[in-house]
Amino acid sequence: MNNAMFPTCIERLHRDFSFFCGEELRKKGITVGLLYFILEVCARPGCTPSDVTRDLSLDRAYALRTIQKLVEDGFFRREAHPTDRRATVLYATEKGQEIFEFGQAMLHRWEDRALDGMTENEKELLLMLLKRIASKEE
C-alpha cells in the first residue's frame with residue numbers, strides 16, 4: 001500500500017463528513033464541534049466538565065468555555081455535584097436532548113452513505129482497524 005494514500009483517504013473522509021454534518025447542523029444553529037460536547041453529555045448524564053474535557057481529549061480552557069456557551073445557549077444545565085461542593089455536573093436540557101437525537105440520526109445517515117456497498121464483515125473489519133489506529137494516538 002502506498003503510505004501517501006492513507007492520509008489522503010482520511011482527509012477526504014474528514015472533508016466529506018465535515019461538509020455533510022456542517023450543512024445539517026447549520027440548520028439547527030450549531031457546529032460539529034459543539035455536537036461532540038452534546039453527544040458526550042447526553043451519553044453520560046451527570047458527568048463533570050473535567051470528565052468531558054478528558055473524554056474528548058481537549059484543552060481544559062477551551063472545553064470550559066465551550067461548556068459555558070452551551071449552558072448559556074440552553075443546551076446544558078449545571079447542577080451541584082452530589083458529593084463534591086466544589087464541582088458541578090452537567091445535564092442536557094430538552095433543547096440539548098433534541099440536538100443529541102438529531103445528531104445521532106445524522107451520524108448514522110453519514111455512516112450509511114460512507115459505507116454503502118460494504119458487507120457487514122467489511123464494516124466490522126474497518127471499524128476494528130480504525131479503532132486500533134485511533135488507540136495508538138491516546
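**Accessibility, salt bridges and a pocket**

Colleague: Why is Arg 54 called exposed?

Modeller: Arg 54 has a relative accessible area of 51%. Exposed means over 50%, buried under 20%, and partly exposed in between (1.4 Å probe, protein chains only). Arg 54 is therefore exposed. The model is predicted: local features need pLDDT of at least 70, side-chain atom pairs count only at pLDDT 80 or more, and totals for chains, interfaces and linings use all residues. Residues are numbered from 1 along each chain as its sequence is written, and side-chain values use heavy atoms, with hydrogens and water left out.

Colleague: What makes the contact of Arg 54 with Asp 51 a salt bridge?

Modeller: A salt bridge requires a side-chain nitrogen of Lys or Arg within 4 Å of a carboxyl oxygen of Asp or Glu. The N to O distance between Asp 51 and Arg 54 is 3.5 Å, so the pair qualifies. Side chains of opposite charge can pair when their charged atoms come close. The two residues are 3 apart in helix 3, which means a separation of about one helical turn. Helices here are DSSP runs (H or I, at least four residues; strands are E, at least two), numbered from the N terminus.

Colleague: How do you know that Asp 51 is buried?

Modeller: Its relative accessibility is 16%, and Asp 51 therefore counts as buried.

Colleague: Which residues are linked with this pair in a network?

Modeller: The network of salt bridges joins Glu 40, Arg 44, Asp 51, Arg 54 and Asp 55. Within it, the side chains of Arg 44 and Glu 40 form a salt bridge at 3.4 Å, N to O. Arg 44, at 31% relative accessibility, is partly exposed, whereas Glu 40, at 14%, is buried. The whole structure holds 13 salt bridges.

Colleague: What are the accessibility classes of Arg 86 and Asp 84?

Modeller: Arg 86 is exposed at 78%, and Asp 84 is partly exposed at 25%. Their side chains also meet in a salt bridge, at 3.2 Å from N to O.

Colleague: What sets the phi of Ser 57 apart?

Modeller: Phi is near 55°, a positive value in a residue other than glycine. Ser 57 lies in the loop between helix 3 (49-55) and helix 4 (60-72). With a relative accessible area of 62%, Ser 57 is exposed.

Colleague: What makes up the nonpolar patch on the surface?

Modeller: Phe 6, Ile 10, Leu 13, Leu 126, Leu 130 and Ile 133 form the patch, with about 450 Å² of accessible area together. Patch residues need over 30% relative accessible area and no salt bridge; nonpolar side chains (Val, Leu, Ile, Met, Phe, Trp, Tyr) are joined within 5 Å, like charges within 9 Å. Ile 10, in helix 1, has 37% relative accessibility and is partly exposed; it therefore passes the area criterion. Helix 1 and helix 6 each supply at least two patch residues.

Colleague: How many residues line the largest pocket, and which are the closest to its centre?

Modeller: The largest pocket holds about 1600 Å³ of space. Its lining has 32 residues, the closest to the centre being Tyr 36, Trp 110, Leu 127, Leu 130 and Ala 134. A pocket is an open set of points on a 1 Å grid over the protein atoms alone where a 1.4 Å probe fits, with protein on both sides within 12 Å along at least five of seven lines; lining residues have an atom within 4 Å of a point. Helix 6 gives the most to the lining, 9 residues.

Terms used:
Points joined across faces, edges and corners; volume = space filled by probe spheres on them. Areas by Shrake-Rupley, 256 points an atom, 1.4 Å probe, with all protein chains shown as cover.
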